[in-house]
Amino acid sequence: MSTFQAPKGTYDLTPPRSATFLAVREAISAPLRDSGYGYIETPGFENVELFARGVGESTDIVTKEMYTLTTKGGDQLALRPEGTASVLRAALEANLHKAGNLPVKLWYSGSYYRYERPQAGRYRHFSQVGAEAIGTEDPALDAELIILADQAYRSLGLRQFRILLNSLGDKECRPVYREALQTFLRDLDLDEETRRRIEINPLRVLDDKRADVQKQLTGAPKLRDYLCDACKAYHEEVRALLAAAGVAFEDDEKLVRGLDYYTRTTFEFVHDGLGSQSAVGGGGRYDGLSEMIGGPELPSVGWALGVDRTVLALEAEGVELDLPATTSVYAVPLGEEARRVLFGVVTELRRTGIAADFAFGGRGLKGAMKSANRSGARYTLVAGERDLAEGVVQLKDMESGEQTAVPLAEAAAELAKRLG
Ligand code: AMP
C-alpha cells in the first residue's frame, strides 16, 4: 500500500520548523495580551450563512473558496475562511458587548480554510493570529491595532514590511462614491464576470490585477475625493496618531481588500521578500458588520496576520529567531539499574520545573550522547554501574565539556542551583 500524503495545498508542521511557528504566534499575540485583549476561541466551522452575510456574497472567499458541507442532520456548514465574522458572532452570542465595557477587545489564533489555487505562500489550510476591538469608534483604537501589529513584526526582527493605509468611507459617503464609480466602470470594456462585479461590489474592480483592466482604470473617480468631512477627519486622526508613534505607513488609495465588510480605516501589511503573495496581514474597520449578521450597531476594527507568511518573511529576510533549547537536562543511563535510577531523577527534575529528557530504548553511550547533543540540553547526567555503586552520577556541562561526579541524592538540587 502506498503511503498517504497531506492533502493538496496543505503541509504539516514538524520539528524543528514548528518551533518557529509557535514563536511567531507567541510574538504576534504578546503585544495584544499586554494591551487588554482577551483570548477567544470559536469553532472551526460555522453555519455557512454567517460567512455569506458576514464576509460578503460577492467575495471570492464566499463564491469560490469556501469548504462547505451538509451534515447528516441537514445543517449547511462551512470551514471558517476567516476569523472576524465568527468572533463577532461569538461576542454577540455571549453578550460581551452588554457587559458595559466597550470596546470588547479579543484576540484569537487558529486554522483557516480556503479552496484557493495553491502556490508559494498560498495554502488551503493556513493559520492566523487576529485581533478584534468591538463596539467603539475611536481613531486611537484603529491606530492601536496598527501599532501593535508593527510592534509584533519588529519584535520578530522583521524590517522589510510596509504598512499600506486607506479609508473606504462610511455609510454616508461610500454610496455616493460607489455610484460614481459604477457609472465610470459601466463604460469600460470588461468581461462578464467583472461586469457583474461592478453591480455587486464595484470597489473590488479597482483591485483587479490584470494589466488591461488596470489600464482602463486611469481616470476612475477617486474615493478620496468623495470622503465626507467626518471620514476625512477620522482618517487624518489615525494618520496623525501613527505618525506620532513613529510608525511609518504609505497612503494607498487603491487598497480595498477582498472582504465586503470594511468601512473607513483599511490597511494591509506587505512584505517585499515574498513575491506575489506579499500580504502578511491585513484588517480595518467594519462598522456595519454587526448589523449585517443580526446584531446591534457596534462599530469595530480588527486585523488578522498570517502566521505561515510571517514565517516565510522571516526566512526571506534571513532572520533566525533566538529559540531557547526546550530541554535543559538530558539523562543517559548505562544499564538496567541506572535506567530506573535516572528515570527517577528525570521525573523529579520535571516536577520541580526543570525541562528534562531521557535516553529511552537502552541505547549505547555513543548514540545516547548524540541525542543529548541534539536536544540542546545544557547538562547531561550519565550513570553506569560503577557510578551507582559509588552513589554518584556524572554531571556534564555540555558548554564547557567539564564533568563532575555528584552524589545521586544531590543531583536534582545541584542542577536546580546551576540552572538558576
Ligand atoms: P485576509 O483574511 O484575506 O485579509 O488574510 C489575512 C492574512 O492571512 C493575509 O495577509 C495572509 O497573511 C493570510 N492568508 C490569507 N489567505 C491565505 C492563504 N490562502 N494561505 C496563506 N496565508 C493566507
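Mentor: Let's begin with a helix pair: Pro139, Ala140, Asp142, Ala143, Ile146 and Ile147 in helix 5 meet Tyr234, Glu237, Val238, Leu241 and Leu242 in helix 9. By class, that contact of helix 5 with helix 9 has 9 nonpolar residues, no polar ones and 2 charged ones. Keep in mind that this is a predicted model.

Trainee: Got it. At what angle do helix 5 and helix 9 pack, and how far apart are their axes?
Mentor: The angle is about 40°, and the axes are 9 Å apart, with helix 5 covering residues 139–155 and helix 9 covering residues 229–244. Helix 5 and helix 9 are therefore oblique to each other.

Trainee: And is the crossing of helix 5 and helix 9 left-handed or right-handed?
Mentor: Helix 5 and helix 9 cross in a right-handed way.

Trainee: OK, another pair. How do the axes of helix 6 and helix 7 cross?
Mentor: They cross at roughly 160° and come within 9 Å, helix 7 being residues 192–200. Helix 6 and helix 7 are therefore roughly antiparallel to each other. As for handedness, helix 6 passes helix 7 in a left-handed crossing.

Trainee: Which residues meet there?
Mentor: From helix 6 you have Arg178, Gln182, Leu185 and Arg186, and they meet Arg195, Ile198, Glu199 and Ile200 in helix 7. The residues of this contact divide into 3 nonpolar, 1 polar and 4 charged.

Trainee: Switching to pockets: what volume does the second largest pocket have?
Mentor: About 640 Å³. It has 31 lining residues, and the closest to its centre are Asp170, Lys171, Arg174, Tyr262 and Thr263.

Trainee: Which helices and strands supply at least two residues of that lining?
Mentor: Helix 6 (174–186), strand 9 (263–271) and helix 10 (289–292) each do. By class, the lining of the second largest pocket has 14 charged, 12 nonpolar and 5 polar residues.

Trainee: Last topic, then. How many cavities of 30 Å³ or more does the structure hold?
Mentor: The structure holds 1. The largest cavity has a volume of about 60 Å³.

Trainee: What lines the largest cavity?
Mentor: Its lining is Ile40, Glu41, Thr42, Arg80, Gly83, Val87, Tyr108, Ser109, Gly110 and Tyr112. Strand 5 (residues 104–113) gives the largest share of that lining, 4 residues.

Trainee: And how does the lining of the largest cavity split by class?
Mentor: There are 4 nonpolar, 4 polar and 2 charged residues in the lining of the largest cavity.

Notes. Residues are numbered from 1 along each chain as its sequence is written. This is a predicted model: local features need pLDDT of at least 70, side-chain atom pairs count only at pLDDT 80 or more; totals for chains, interfaces and linings use all residues. Side-chain values use heavy atoms; hydrogens and water are left out. On a 1 Å grid over the protein atoms alone, a cavity is a set of points where a 1.4 Å probe fits but cannot get out, and a pocket is an open set with protein on both sides within 12 Å along at least five of seven lines; lining residues have an atom within 4 Å of a point. Grid points are joined across faces, edges and corners, and a volume is the space filled by probe spheres set on the points. Ala, Val, Leu, Ile, Met, Phe, Trp, Tyr, Cys and Pro count as nonpolar, Asp, Glu, Lys and Arg as charged, and the others, Gly among them, as polar. Axes are lines fitted to C-alpha atoms, for helices over the stretch in contact, and angles run from 0 to 180 degrees between N-to-C directions. Angles under 35 degrees count as roughly parallel, over 145 as roughly antiparallel, 65 to 115 as roughly perpendicular and the rest as oblique. A crossing is left-handed if the near helix is turned anticlockwise from the far one by less than a right angle, and right-handed if clockwise. Contact means heavy atoms within 4.5 Å.
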